[in-house]
Amino acid sequence: MSTFVSPGFRDLKTLPGIHLSRSSSMRILGQRGLIVVSVVVVAVAWVLLVRETNDAAAAPSAVATQVSTGAEYSCAVVTDGTGRCWGANGEGQLGNATRTDSSTPVTVAGLTGATTISASSADPSIGIGGFTCALVTQGEVMCWGKNAAGSLGDGTTTDSLTPVKVSGISGATAISVGGGHACALMVDGTIECWGVNYFGQLGDGNRTNTPGPSTPVNVVGISGATAISAGDHHTCAVVGGGVKCWGANEFGYLGDGTKMERHTPTDVVGVSGAVSVSAGNMHTCALLSGGTVKCWGRNAVGGLGDGTTEDRHTAVEVAGLGTAIAVDANNHYSCALLTGGSARCWGSNAGGQLGDGTTNPSSVPVQVSGVSAATSLDVGTDHNCVVISGGAVKCWGWNSRGQLGNGTTTASSTTVDVNGFGGPAETGCKPLYYFAIRGSGENPQGSGATPGGRTYPRGTVAGEGMGIPLEATYGALTRLLRATMPAPEFAGAGVVYRAIPVDANPLNLGQYGEDYQNSIEHGAANLRGELERINVACVGQSVRIVLAGYSQGADVINTAMAQVHHENAPAAFQNVKAVFYFGNPARIGGQTTEVLNTDGLGIRRQTGAPLAVDPATDTWISTHPGMVTSFCAAFDVVCDTSANLKLAPFLGPNNVFNVSIGVSIHNGYSSRDMSCHAQGLPAAGLTITATDCAAALALNAFGYPVPSGSFPEPSPAPAVRAFRPGAEVFCIGKLTEPNSEHRCVLQSTPVEVGTFTTDESRIGAVRFTVPTDIGEGEHHLTIVSASGKTYSVAFTVSSSAPEVADGFIAVDANDIVEIPPPTTTPPPPCTGSFC
């Protein structure tokens, strides 16, 4: 039963291109809006080499985004919106206008704009099954194959060897094909079903022993559904975190504590916090928000995974599974995807469908051999398939009709590659790699954010998909490496993921938190896929990898760290030598090496659920001291949120101005000047931009000092510190002395423009007016404490500077200078509204 989940839930199935599908019943978490079962992770194109290399690339293959397995056949969606199917085709279920089996993928005729595909798990020999459906753009549904029971939903009972449109369906967000029926989750949270209704599985209150409705009927009493799954003879949906099921119930697989057939939805007992559900042949499983899985129904060979073979009429927890991100149930067995993209299965194993290299059944989960970085999983009748990060497809289990897609009909208890999938070949090994993970809302966005690869191929997106500060770091690092003789081979790339924009509406925090988690898990899967590829390709060779994350991108790395810790898989990061963060939302000041601001808490430490940080991130960082370096400027609203909030009282009635200041600081790392200390720079440090400093430190992590003369001149004052004469400006500071009076002085005049007293957190601010008679050009604002400690930053006065209502000059401990306070005659006491 194919499973799909919309981006509103913490599940790889909910991510673009990361979802669980199962051909008999697709459980699809719908959101209020069209689900885009978007592009998963495809092959890597290494970009922007310092020294050009001409590695030969294999001819491109199809890049899969989602896979669905049925009764002796399989199907996949490709990045261009077409479909490929392979295996049994006696009813035309492959959709290529024939009834001829194929042990390799064939193209579904006339199918375009597909986002999801779902294959039937019922054996056509029993009179049902043998049909396939796809969700296409605009929320329409196309089906093909056997139609004796009205399973194609086109108002007829005539078979079709090519796709036909389901009548009356538009605005669907998810579909699921069962044994002989299919269902669609609609944008308003209702459900429409059609086809076989022998056991009331259409949920309209009726039951018929003749061919069921050949056009969709509405499921009674369902609204607000977020996921749907059609099983062989029953159907289930997630509604409000609970699960409702209807249809056959011989072994208790409706989960209501009885074995009574239901023709309308009934509540599953003992399930809450569900994010997806999978209706199988005679049992059902649900994924809960914490990553646990519960199952109920038939358990003769351990398909419930609770360590027994006792049937259960209410839900029991799967034993020893680990943290699941997707689950799928079918013919007396089940499988789950775990964080990091590994898979585990349990239950029946006569055809090797558990994937552990044996044919022994297991009542507890066993590891699927050879699966990692998987992004889509589907459980068929007796075989399974996964999409691997990079767009390849692997299958295992029975293969009597070529359903494994490798050109044979030989069963396999371990994974085999499906022919014709996988994108350009990933070959070769470079000694140096730089991976950048961009921040929230940075381009690309929309469909361009997930083009079908783990990294953005060279020249395909602006800034190579790295975002502004990390591309600036990459450019500086490239220049530094070119100045290193001989120049080493070096590959850099932006990691593919959604990088969703910030939702400023506090009422949407819960939904935003789920979407955010999905986004960073998507990025983490792609990042880990790349690290794994390099670990395999570069065995026995010296490799150094630098990771850089900005804002949400930092949380992608945080998530990958946490996953590695949970899985006890430290080898995943074995070649990573340094990690650089700009504006890390999960920051604890002082937890990592700090090069700007040494204390404060990031926004995820302030908000808690649903944006709480996995404690495993902290554990990983603490056990790898010195690896992570944090660039967090004082008052950055994302990484120094605690200080930003404390700034508000100093800003008077315009106390929301602290957020505007914090956003400006967060967006300004590529121009933020600082004193940088790196091997090869002057011992006293050199004033350069934060992104140049990160490049210098990355060069050190690669094993090289900064070449002499790489940064010959101090960086000019950034554009954010350019003001017109007469402009009103806040002098704000996060300094080193609490409860201390500080004077703000325009050093070049000199004139004292105001004083403030820092609070317990060493924060203070005062508003002043830039003198109208001050000369145009670069000036310095100096803050002098009562003890004589002096801080200084450059700013520019220009009549052509942007006109702003309130500007600011932020000063922090990084700006301490070794100069005495001004010795000129102090100005008269300041008076007026700006003192």
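Is Cys143 buried or exposed, and what is its relative accessibility? Cys143 comes out at 0% relative accessibility, so it counts as buried (buried is under 20% relative accessible area, exposed over 50%, partly exposed in between, with a 1.4 Å probe and protein chains only).

A word on the ground rules: this is a predicted model, where local features need pLDDT of at least 70, side-chain atom pairs count only at pLDDT 80 or more, and totals for chains, interfaces and linings use all residues. Residues are numbered from 1 along each chain as its sequence is written, and side-chain values use heavy atoms, with hydrogens and water left out.

A search of the whole structure turns up eleven disulfides (pairs of cysteine sulfur atoms within 2.5 Å). Here are some of them.

| Disulfide | S to S | Source of torsion: S-S bond |
|---|---|---|
| Cys133 and Cys143 | 2.0 Å | 105°, right-handed |
| Cys285 and Cys295 | 2.1 Å | about 105°, right-handed |
| Cys429 and Cys538 | 2.0 Å | 120°, right-handed |

Cys429 sits in the loop between strands S30 (412–417) and S31 (432–437), and Cys538 in the loop between helix H2 (509–537) and strand S33 (544–550), so their bond ties together parts 109 residues apart in sequence. Helices (H or I, at least four residues) and strands (E, at least two) are DSSP runs, numbered from the N terminus. Cys429 is buried at 18% relative accessibility, and Cys538 is buried at 4%.

As for rings, the whole structure holds nine aromatic pairs (Phe, Tyr or Trp rings, the six-membered one for Trp, with centres within 6.5 Å; planes under 30 degrees apart are stacked, over 60 edge-to-face, the rest tilted). Phe723 and Phe795 have ring centres 6.4 Å apart and planes at 55°, so the pair is tilted. Both are buried.
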